[in-house]
Amino acid sequence: MVMTDLLKPEDIKKALDAFAGETFDPKKFFEMIGMKAMSAENVKKVFQVLDVDGSGFIEEEELKFVLKGFSKDGRDLTDAETKAFLTAADKDGDGKIGIDEFEALVHE
């Protein structure tokens with residue numbers, strides 16, 4: 001499965017362009033690409049695409065490249081953006097984002 005099976009390419013491009021020069025805000029980004037309106041099941045499918053190593057978690061090293069998971073044109077997150085994203089989503093404090101934590105962040 002690829003991201004464009006789940007989301008519209010034009011929405012992804014618009015959101016990536018919006019955050020090209022400003023600080024990345026995951027909640028705003030997810031809303032802009034239409035994920036907030038998605039079912040929990042489809043949000044979890046997006047998670048599986050982003051979970052590059054298939055571990056069931058998005059670890060900090062995967063998070064840095066999360067925008068590339070939406071489009072090859074996506075930029076890398078800065079270290080500060082990566083840490084802020086992790087802090088916003090990692091509710092149990094284990095240093096990684098589980099599928100339920102990801103879904104909760106999207107629908108928050």
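Reader: In which helix is the place of Glu101?

Author: Glu101 sits in helix α7. Helices here are DSSP runs (H or I, at least four residues), and strands are E runs of at least two, numbered from the N terminus. This is a predicted model: local features need pLDDT of at least 70, side-chain atom pairs count only at pLDDT 80 or more, and totals for chains, interfaces and linings use all residues. Residues are numbered from 1 along each chain as its sequence is written, and side-chain values use heavy atoms, with hydrogens and water left out.

Reader: Is Glu101 buried or exposed?

Author: Buried means under 20% relative accessible area, exposed over 50%, partly exposed in between (1.4 Å probe, protein chains only). Glu101 has 12% relative accessibility, so Glu101 counts as buried.

Reader: Which residues is Glu101 in contact with?

Author: Contact means heavy atoms within 4.5 Å. Leaving aside neighbours within four places in sequence, Glu101 contacts Ala89, Asp90, Lys91, Asp92 and Lys96. A polar atom of the Glu101 side chain lies 3.1 Å from the backbone nitrogen of Asp92.

Reader: Now helix α6. Which residues of α6 are buried?

Author: An α-helix has 3.6 residues a turn, so residues three or four places apart point the same way. In α6 (residues 79–89), the buried residues are Glu81, Thr82, Phe85, Leu86 and Ala89. They cover an arc of only 135° around the axis (taken from the directions from the helix axis to the C-beta atoms), which puts them on the same side of α6.

Reader: What is exposed on the other side of α6?

Author: Asp79, Ala80 and Thr87 are exposed there.

Methods. A polar contact is a pair of N or O atoms within 3.5 Å; within protein, one must be able to donate a hydrogen and the other to accept it, and residues adjacent in sequence count only if both atoms are side-chain atoms.
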